[in-house]
Amino acid sequence: MKARRHARVMALQALFEVDVAGHDPGRTLAERMVEEPLEEPNATFCRKLLLGTLEHRAQLDAIIQRIAPDWPVEQMAPVDRNILRLAAYELLFETETPPKVAINEAVELAKLFGGDNSGRFINGALGTLLAHKAQLTALGAADSQAASAGQVASDTSRAP
């Protein structure tokens, strides 16, 4: 397995564990790194993906809700939800990864860990995100702020 993909796999596995079991992210990743050590700079990349995705989770979830309006984020399969979070983080906040690479890697993760239709779902959702990146970033920030304030953000039922 390619080193960067391995870093993404480890970040995804840690995100899944944090999301589903509520485990501490630092401890979860440290345990994974003991089991399967990554060489630098891939270990740094993995940490950056995990911690960045968690830091921006509210904004990412608001964006995901807009790009996949038929699937409430909390009702998505946990694997798909976390692949989308990870890839959306990479597309929006991680400038060193070309967008097509981020999408391709997410589709490959979906094929490895998701269900039969996960790859198509992930590809379609991330294609929508990429096509409307600037607008969705602004709307996602507003939606996550409204959610944090306990308000219901208006018009979250469709992508721009």
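Of the contacts in the chain between residues at least 6 apart in sequence, 70% join residues at least 24 apart; contact means heavy atoms within 4.5 Å. This is a predicted model: local features need pLDDT of at least 70, side-chain atom pairs count only at pLDDT 80 or more, and totals for chains, interfaces and linings use all residues. Residues are numbered from 1 along each chain as its sequence is written, and side-chain values use heavy atoms, with hydrogens and water left out.

**Fold.** The chain has eight helices and zero strands. Helices (H or I, at least four residues) and strands (E, at least two) are DSSP runs, numbered from the N terminus. Of the 160 residues, 45% are buried. Buried means under 20% relative accessible area, exposed over 50%, partly exposed in between (1.4 Å probe, protein chains only).

**Core.** The largest nonpolar core has 41 residues. Such a core is a set of buried Ala, Val, Leu, Ile, Met, Phe, Trp, Tyr and Cys residues joined through side-chain atoms within 4.5 Å.

Helix 5 gives the largest share, eight residues. Cys-46, Ile-122, Leu-126 and Leu-129 have the most contacts inside the core. Beyond its neighbours within four places in sequence, Cys-46 touches Ala-7, Met-10, Ala-11, Leu-29, Met-33 and Leu-38.

Arg-8 sits in helix 1 (residues 3-21). Arg-8 counts as buried because its relative accessibility is 4%. Its side chain makes a polar contact of 2.7 Å with that of Glu-90. A polar contact is a pair of N or O atoms within 3.5 Å; within protein, one must be able to donate a hydrogen and the other to accept it, and residues adjacent in sequence count only if both atoms are side-chain atoms. Arg-8 and Glu-90 also line the largest cavity, as do Leu-86, Glu-105 and Leu-109, among others. About 30 Å³ of space lies in that cavity. A cavity is a set of points on a 1 Å grid over the protein atoms alone where a 1.4 Å probe fits but cannot get out; lining residues have an atom within 4 Å of a point. Grid points are joined across faces, edges and corners, and a volume is the space filled by probe spheres set on the points.

Note on methods
1 Å grid on protein atoms, 1.4 Å probe; cavity = no way out; pocket = protein on both sides within 12 Å on 5 of 7 lines; lining within 4 Å.
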